[in-house]
Amino acid sequence: DALFHELDYDGQGELTYKSLFFGLRRPPSCGIRVHLSRHDYTSLLSDLHLPAEHPLSASEFQRLIRYQLARHVQRVMTDAVQMDNAGPEVRGILDSIREL
C-alpha cells in the first residue's frame, strides 16, 4: 500500500499511465528511477487482461506486482535450470520455488 500511495502522486487513489509515469520518475523511497513507456504500461495491463487505458486500483496494483514478481522468479528459474554444471545452488533455488 505504501508504494501505491507514493506512486499516486496526484492523490486520486488510482494509478493511470500518467500518474505511474511521473511517480516512477520521481525517486521513490527506494531511490530508483524507472522510465515507463506507454507500450510498457499497456503490456503490463494486458498481462492482467485489463483494457489499455484502465487506471489501476490499489488491489490491481498489488496483483500486478505479484504477477510480475512471479514472472521474474520463473525467468530466474529458467536461467538456473539452463546453467551448465548445475550444483547445490540450483537445487536450493528450485527447492525454494517449490515452497512458494
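This note goes through the salt bridges and the nonpolar core of a predicted model.

1. Residues are numbered from 1 along each chain as its sequence is written, and side-chain values use heavy atoms, with hydrogens and water left out. Because the model is predicted, local features need pLDDT of at least 70 and side-chain atom pairs count only at pLDDT 80 or more, while totals for chains, interfaces and linings use all residues.

2. The structure holds 2 salt bridges (a side-chain nitrogen of Lys or Arg within 4 Å of a carboxyl oxygen of Asp or Glu). In one of them Arg 38 pairs with Glu 53 at 3.1 Å, N to O; Arg 38 lies in helix H3 (residues 38–47) and Glu 53 in the loop between H3 and helix H4 (58–81), so parts 15 residues apart in sequence are tied together. Helices are DSSP runs of H or I, at least four residues, numbered from the N terminus.

3. Arg 38 is partly exposed at 42% relative accessibility, whereas Glu 53 is exposed at 54% (buried is under 20% relative accessible area, exposed over 50%, partly exposed in between, with a 1.4 Å probe and protein chains only).

4. Asp 47 and Arg 71 form a salt bridge with their closest N and O atoms 2.9 Å apart, and this pair links helix H3 to helix H4 across 24 residues. Asp 47 is partly exposed at 23%, as is Arg 71 at 29%.

5. The largest nonpolar core has 15 residues, and among those touching the most other members are Leu 7, Tyr 41 and Phe 61; such a core is a set of buried Ala, Val, Leu, Ile, Met, Phe, Trp, Tyr and Cys residues joined through side-chain atoms within 4.5 Å. Its largest share, 4 residues, comes from H2.

Key: Helix = DSSP H or I, 4+ residues; strand = E, 2+ residues; numbered from the N terminus.
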